[in-house]
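User: I would like to learn how to read strand pairing, helices and chain symmetry in a model. Could you walk me through some examples?

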There are 4 protein chains.
Amino acid sequence: MSAEQQTPEQLPPIDAIEKQCLRIAADNWFEYPVFAHPHHTDYAGNVWHGTYLTWMEEARVECLRSIGIEFANLVALGSDLPVVELSVRYHRPIQMGMAAVVKTRMADMKGVRINWDYQIQSLDGKELYLTARVTLVAVDREKGKILRQLPSTVKDALLRVMGDR
Amino acid sequence: MSAEQQTPEQLPPIDAIEKQCLRIAADNWFEYPVFAHPHHTDYAGNVWHGTYLTWMEEARVECLRSIGIEFANLVALGSDLPVVELSVRYHRPIQMGMAAVVKTRMADMKGVRINWDYQIQSLDGKELYLTARVTLVAVDREKGKILRQLPSTVKDALLRVMGDR
Amino acid sequence: MSAEQQTPEQLPPIDAIEKQCLRIAADNWFEYPVFAHPHHTDYAGNVWHGTYLTWMEEARVECLRSIGIEFANLVALGSDLPVVELSVRYHRPIQMGMAAVVKTRMADMKGVRINWDYQIQSLDGKELYLTARVTLVAVDREKGKILRQLPSTVKDALLRVMGDR
Amino acid sequence: MSAEQQTPEQLPPIDAIEKQCLRIAADNWFEYPVFAHPHHTDYAGNVWHGTYLTWMEEARVECLRSIGIEFANLVALGSDLPVVELSVRYHRPIQMGMAAVVKTRMADMKGVRINWDYQIQSLDGKELYLTARVTLVAVDREKGKILRQLPSTVKDALLRVMGDR
């Protein structure tokens, strides 16, 4: 272990994610289009309330991809970003055959908690279907412990993929 | 409209549900056992965070069944009880092959909002995996409007099935 | 006005679908891109075997949309196209973070059975993950009976939307 | 230590599973009760066609449990039993609020292929909703290769848990 190696591990590379995400979020949200297919619906012909969580996860993963972070790589390198808390308000149902857009952005980081905000809207932005907040924490998969900062392996991955941008 | 017809429709039969549910909940919760099968899991070998919503819904529907209310009948009679709000805290993951118990009870009714509380625990009650609150409202399916009280058709169904107890 | 239009119910508009679909399928398949997100995966980090059915349904619905048939409209007009049979071969797993393409085409119609073929491949076409066949029948939703031909209401909808192309 | 234990890898313990399963299946099937909850349904109020695969998997896992094989242990020990082929016939839909029973049994083993048969019926056995066949193979998780026989680690687990019966 060299002094040089100790230093980078203390760098909080998760800040890099935040900066990128906040940059995306400066004027507008990351937008992920969805369409209500039969398997998303329930007996009422509306999207089942739990289905929205699949769309919210997809939007979050695609937001990370858009800034060069492949979630699967993060997992392969030993980290995870499990959901530790979420709250959802369902304003109006989305019915089968309707298109919508999932808007998301990293809201802030408070300690180890990474908060993401969500709005699901009609394509023209006039209807608001859902608002939500999801809180993640970074976890060391092997130890099963919360990370105060992302590990160097992840940091290196981030630097590598972000260097490509 | 006759006086006789006005009276039963003004009866707030939803109170009957509440009383029954509170009776169940007086000393203990309604308990619904679950088991983490492969399709419930994600890449981490844990139950995917959205899967818990299927268990919470099942526990709620079974709680209603236990007091004589078949949710499918309620829907067939023109009402619905959509989720309008939920908040979940994930304390510890449930891993594939683990059994657990979903505990639920109707917490209270505030105006048109029907609140249900949840705790998902280990079978011995020593581990707490999840706490949640889910808010429902009663809706007239045809009109798509929130009901201030359950319709007479539903009330009659409730009286009929509850009379069998 | 032709004589054929005087007995619209006897017109087999489903043939129109077939012709369109076979036209698409003449040289190549309808292609629907997918990406393996966390909620698609199981404990092994692979897409859970049942998840593929959601992608196959989405590809089928989008194929119909591409020729002007909105599945939700078909349902609203009183018809349905339930799956009555399916067979799937899983050649290789798709892992979290992998992109793939779901290829589908209407294979043929034998009596009331509408057969769709599927291949799920890597983006470069070099890896074959899954092959499948799905059989649908057209059903009158109210009567719950299989339709030997699509009803005039559906036919009119088809003519209307297909006229826009 | 017996001579048999010196060459554990050559023992075909998977035969033990087959014998147990065939014993269960001699006169009747392994039966797993299910109930159609809201999240199982689609816009038509019926169980969505892909949902049945979750019930079929649960029945298979519970059948294995009933003979002392915890699937999660098998995975922890380095093996897996992925689905490599399935075929399903949907005879009649199951509607929300209906109870049913998933009947399953290990049909036969042909080479490395382990075939399971399924029937989903009404509780009184008078209605047949679905018939299916699912084919599994045993896989070494680390090598990603098909196993001609279960590994000694799995075999030991099987002997240990089956010894408890």
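Predicted model: local features only at pLDDT ≥ 70, side-chain atom pairs only at ≥ 80, totals over all residues.

User: Let's start with bridges. In β6(B), which residue is the bridge partner of B:Y118?

Analyst: Strands of a sheet pair through backbone hydrogen bonds, either parallel or antiparallel. Here, B:Y118 has B:A132 of β6(B) as its bridge partner. The two strands, β5(B) and β6 (residues 128-136) of chain B, run antiparallel and are joined by 8 bridges. Between them lie 6 residues of a hairpin, where B:G125 has a positive phi near 75°.

User: What does β5(B) pair with on the β4(B) side, and over how many bridges?

Analyst: β5(B) pairs with β4 (residues 99-110) of chain B over 9 bridges, in the antiparallel sense.

User: Which residues of β5(B) are on the covered face, and which on the uncovered one?

Analyst: Follow the side chains along β5 (residues 113-121) of chain B. B:I114, B:W116, B:Y118 and B:I120 make up the covered face. The uncovered face holds B:R113, B:N115, B:D117, B:Q119 and B:Q121.

User: How do I read the order of strands in the open sheet of chain C?

Analyst: Read the order as a list of neighbours: in chain C, 3 strands give β2-β7-β8, with antiparallel pairing. At the edges are β2 (79-80) and β8 (145-146) of chain C, each of which pairs on one side only. Between β2(C) and β7 (residues 139-140) of chain C there are 2 bridges, and C:S79 has C:D140 in β7(C) as its bridge partner.

User: Now a helix. How does the span of α3(B) compare with what is expected?

Analyst: Helix α3 (residues 51-66) of chain B has 16 residues and spans 23 Å, close to the 22 Å expected at 1.5 Å a residue. Its buried residues include B:Y52, B:L53, B:W55 and B:M56, and also B:R60 and B:C63. After the helix comes B:G68, with a positive phi near 95°.

User: What relates chain D to chain A?

Analyst: Two copies of a chain are related by a rotation about an axis and a shift along it. Chain D is superposed on chain A by a rotation of 180° with 0.0 Å of shift along its axis, with an RMSD of 0.0 Å. That is the relation of a two-fold axis.

User: And where do chains D and A meet?

Analyst: 9 residues of chain D contact 9 residues of chain A. On the chain D side these are 4 nonpolar, 4 polar and 1 charged. The copies meet through the same surface, because 100% of the interface residues of chain D are also interface residues in chain A.

Conventions: Residues numbered from 1 in each chain as written. Chains lettered and ligands numbered in written order. Contact = placed C-beta atoms within 7 Å. Nonpolar A, V, L, I, M, F, W, Y, C, P; charged D, E, K, R; others polar. Least-squares fit on C-alpha atoms with pLDDT ≥ 70 in both. Helix = DSSP H or I, 4+ residues; strand = E, 2+ residues; numbered from the N terminus. Expected span 1.5 Å × (residues − 1). Buried ≥ 20, exposed ≤ 12 C-beta atoms within 10 Å, placed from the backbone. Pairing = 2+ DSSP bridges.
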